[in-house]
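Subject: Handing over a structure, with notes on what was found

Dear colleague,

I am passing on the structure we spoke about, and I would be glad if you kept it open while you read. My notes come after it.

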Amino acid sequence: MESSQDAPAHPTGLSSDQAAHRLRVDGPNRLPEPDRRNWLRIASGVLREPMLLLLIFASTVYLLLGDPREAAALAASVTLVVGLTVYQDYRSESALQALRDLSTPQARVIRDGQARSVPSSELVVGDVILIAEGDRIPADARVLDEGDVMLDESMLTGESMPVQRGAAAVSGPDKDLVHAGTLVVRGHAAARVVAIGAATAVGRIGEALHTLRAPATPMQREIRYAVLIFAVLGLSVSLLVALWYGWTRGDWLQGVLAGVTLAMANIPEEFPVVLTVFLALGSWRMARHNALIRRSPAIEALGSVTVLCTDKTGTLTANEMSLVELALGSERSEPAELHSPALESLLHCAERACPEHSFDPIDKAIRTAIAGSSAAHAQPGTKPVREYPLSKDLLAVAQVWRIRDEPGLEIASKGAPETIADLCDLAGDERTAVMQLAKEMAGRGLRVLAAASAVWTDGHQALPATPRGFRFEWRGLLGFADPLRSGVRDAVAEAKAAGIRVIMLTGDHPNTARTIAAQAGLERPQAAMLGTELEALDAAALAQRVRDTDVFARVKPEHKLRLIDALKRNDEIVAMTGDGVNDAPALMAAHVGIAMGERGTDVAREAASIVLLDDNFVTVVRAVRQGRVIYDNILRAVRYILAVHVPITGLALLPLVLGAPLLLMPLHIVFLELIIDPASALVFEREPAAADIMRRPPRPPSQRLLDMPTLLGSLGQGAVVLAAVAAVYFIGLGAVTTTEQVAALSFTALIAGNLGLIVVNRGFTQAHWLGRTSKAFWVLVLSALGMLFLITRFEGPGVWFRFTPPPIGLSCLALLMPLAALGAIELARKALGTKQRHRSQPG
């Protein structure tokens with residue numbers, strides 16, 4: 001919104017108090033959110049679920065049958081189920097909102113005269129923001145002073161060509177106006193915010209956001225297809241049962257009730273709930289561990305990754321750069337102990353080559369070094385004139401300054417030693433000596449940059465198009481230390497054990513790359529390949545070369561895309577990290593693009609599927625691990641859901657086939673759903689990782705969630721439980737005198753089999769049957785057994801379920817028989833698997 005509060009702000013920006021006041025008055029800098037749901041909207045959606053509609057319909061049938069007690073029981077159960085489902089949906093919605101809050105982009109702003117990063121939602125009108133290449137503009141603003149940027153405004157105008165804004169733009173009322181959501185493709189500037197949120201140009205178009213929905217993932221499409229198939233089959237069978245019952249027994253209302261009960265037993269409404277809850281809460285948990293999932297398919301793809309391409313600086317290393325060595329010829333010194341005018345000049349030149357407001361670790365290290373060195377002294381007033389950013393053709397940056405009381409302009413440049421040597425026209429022995437010194441420093445694990453300076457006396461209007469137009473003078477080399485991050489070596493070893501190959505990409509000197517690669521534990525660290533070598537190879541030759549090369553040095557952003565394509569030609573599933581504007585194509589081309597959250601550009605983040613909030617390689621491996629856990633737990637829940645519906649459906653049909661009274665009523669199905677739903681959405685979702693989760697090879701991308709082995713195995717588990725329940729049913733028919741006792745025994749067996757299926761599917765990848773326990777599991781089991789005891793052993797509660805207490809011995813038999821059957825089958829399966837493994841081993 002536009003604001004008229006307070007007097008015009010000083011060009012240095014607002015104070016924290018002013019910003020806080022405007023934030024309270026004008027509200028946050030946010031566009032309307034498309035998907036946020038409150039309790040009322042969640043409850044409204046839940047009340048349209050097929051299961052609840054069937055319950056309400058069954059209540060109506062009971063009223064028509066003259067049974068208000070059953071109708072009241074079902075009405076109470078509707079309230080209970082609605083409460084549980086709303087709670088699960090709200091947890092999912094809360095997790096998604098937490099992800100939205102975490103993904104709020106950062107803006108660089110001048111507050112209290114200091115540059116700092118704040119969430120873009122906290123920007124207010126009057127703030128002075130700093131924008132640079134790769135940034136997405138966070139609010140509508142006007143460029144100040146002599147700032148000059150090129151913007152991609154295609155999202156607003158549809159125009160593909162960048163437009164210029166700022167001092168050099170064509171004159172006009174909006175020549176200095178930059179719009180929220182547009183992308184800076186070149187240059188940097190300071191700009192004052194003039195509109196936020198819905199008052200911005202993109203905000204006025206923002207109504208379209210309410211209709212946007214993310215496309216379904218492959219797993220979601222598979223689940224929806226399965227739900228549709230099972231629902232159609234279940235409803236068809238239910239209709240046939242209702243017609244059959246009414247036709248053969250003449251009681252159409254009871255036939256309808258039988259059909260409704262069977263439909264409730266068959267509709268697998270838990271599938272979409274499981275997928276939604278697992279992905280939402282899994283993504284939320286990953287975000288709490290600094291891996292922000294921007295697209296759900298990334299979770300599916302993580303389990304299939306075979307190659308992980310990672311940056312060095314800030315990902316494998318700590319990104320805590322410190323300037324530890326200055327070198328010029330035979331002179332060497334640490335910044336804190338400078339006694340050489342030449343090395344002092346080198347340090348000041350490097351500082352001049354840094355942008356005025358920079359968040360780059362190298363620039364911070366240079367400024368920290370100069371502040372703590374003996375070279376620190378008052379500098380004459382300066383004013384930035386122009387910046388020459390790093391480009392694919394020139395691995396160096398240059399800054400042009402106007403210095404008060406001095407004629408002409410001063411140019412300072414820093415970059416790769418060979419690039420700076422070219423700018424200085426070094427040749428022969430001088431160039432050889434410089435390169436040898438750089439190689440020696442890099443061999444000690446230092447990141448090496450060179451610095452050079454020049455003077456320009458022809459005025460800023462005649463500045464050359466590139467730094468090659470200046471006559472630079474060599475100033476020397478700077479060595480930066482960036483230690484390996486804690487835990488990286490273990491993470492690399494874990495990735496290797498999981499069948500994931502780690503490749504390092506860096507723009508550094510090959511000797512520095514080899515040293516860090518060896519420290520990290522990469523395979524073949526000495527076989528480093530240069531970006532220039534990569535350029536000389538065609539696609540087929542590069543695909544062959546990347547098979548046995550794990551370190552790539554002096555890599556430019558455009559090289560990354562070629563490497564991704566080469567790896568994909570070898571049928572690898574590739575994850576890649578990146579942070580720059582030019583990394584976006586490679587991030588999008590990779591199966592899993594991973595952007596840096598701290599130092600990455602907005603463009604890289606938008607192109608990526610995952611954003612690392614701490615830029616740490618350990619977090620990447622942890623994300624792969626967590627992605628595998630989420631997939632495993634979804635598979636556990638799916639297997640359980642498929643299996644548990646088999647005995648429920650069987651017990652609903654068995655009396656119909658035998659011409660006996662119905663055993664399962666809608667209230668019984670509700671009781672079962674109060675076990676199935678929490679088991680699906682709470683117990684399995686919280687399962688810890690299997691012991692071998694990172695010792696398995698990557699999952700083939702073609703492997704389906706509901707493949708034939710999963711389907712047959714799950715139905716087989718359900719058939720085992722159904723056989724045990726049927727055996728209890730027939731034993732009850734011969735041992736007790738009333739239908740109510742038979743029903744109580746059969747229901748006891750059904751509940752025991754349900755709990756047994758939870759146990760089996762929790763531990764189906766583990767070496768022991770019970771697997772590892774969790775609080776949610778024991779709460780569910782004890783609650784279910786406690787309620788079962790009340791309704792089957794006491795006549796009062798049992799009346800609602802049409803149960804009367806059977807003999808205690810038969811109740812124990814009903815409880816143990818399904819568990820024994822499942823246990824025997826599980827032990828036999830594991831024994832067979834062990835025997836087959838022994839046969840496959842040589843000798």
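Predicted model: local features only at pLDDT ≥ 70, side-chain atom pairs only at ≥ 80, totals over all residues.

The protein contains 28 helices and 23 strands, and of its 843 residues 54% are buried. Among the contacts with a separation of 6 or more, 72% are between residues 24 or more positions apart.

The sheet I would look at is an open one of eight strands, in the order β9-β23-β22-β21-β10-β18-β20-β19, and its pairing is mixed. Its edges are formed by β9 (291-293) and β19 (528-530), each of which pairs on one side only. On average, and with direction ignored, neighbouring strands of this sheet are turned by 20° against each other. Within the sheet, β10 (residues 307-311) pairs with β21 (residues 574-578) in the parallel sense over three bridges, and the bridge partner of Val307 in β21 is Val574. Two helices deserve a view together with these strands. Helix α19 (residues 557-569) lies across β10, β18 (501-505), β20 (551-553) and β21, and runs at about 170° to β21. Helix α22 (residues 617-658) also packs on the sheet, where it touches β9, β10, β18, β21, β22 (592-596) and β23 (610-612), with a direction that makes about 155° with that of β10.

Another set of strands is built around β11. Strand β11 (residues 322-328) pairs in the antiparallel sense with β17 (residues 473-481) over five bridges, and Leu326 has Leu478 as its bridge partner in β17. Strand β11 is also joined by three bridges to β12 (residues 331-333), again in an antiparallel arrangement, with Glu331 in β12 as the bridge partner of Leu328. The hairpin of β11 and β12 has two residues between the strands, and in this hairpin Gly329 takes a positive phi near 60°.

To return to α22, how does this helix lie against α23? The axes of α22 and α23 (residues 666-683) come within 10 Å and cross at roughly 165°, and the two helices are therefore roughly antiparallel to each other. The crossing in which α22 passes α23 is right-handed. From α22, the residues Ala637, Tyr640, Ile641, Val644, His645 and Ile648 take part, and they meet Ile669, Leu672, Glu673, Ile675, Ile676, Ala679 and Ser680 of α23. The residues of this contact divide into ten nonpolar, two polar and one charged.

Eight of its eleven residues are buried, so α16 is largely enclosed by the rest of the structure. The buried residues are Pro510, Asn511, Thr512, Ala513, Thr515, Ile516, Ala517 and Ala520, and what covers them includes α14 (428-443), β16 (447-456), α15, β18, β19 and β20. Directly after α16 comes Gly521, whose phi is positive, near 90°.

Arg524, in the loop between α16 and β19, has a phi near 50°, a positive value in a residue other than glycine. With a relative accessibility of 35%, Arg524 counts as partly exposed. Arg802, in the loop between α27 (795-800) and α28 (808-840), likewise has a positive phi, near 60°. Its relative accessible area is 31%, and Arg802 is thus partly exposed.

With best regards

Technical notes: Residues numbered from 1 in each chain as written. Heavy atoms only, no water. Pairing = 2+ DSSP bridges. Helix = DSSP H or I, 4+ residues; strand = E, 2+ residues; numbered from the N terminus. Axes fitted to C-alpha atoms, helices over the stretch in contact; angles between N-to-C directions. Contact = heavy atoms within 4.5 Å. Parallel < 35°, antiparallel > 145°, perpendicular 65-115°, else oblique. Left-handed = near helix turned anticlockwise from the far one by under 90°. Nonpolar A, V, L, I, M, F, W, Y, C, P; charged D, E, K, R; others polar. Buried < 20%, exposed > 50% of the residue type's maximum accessible area, 1.4 Å probe, protein only.
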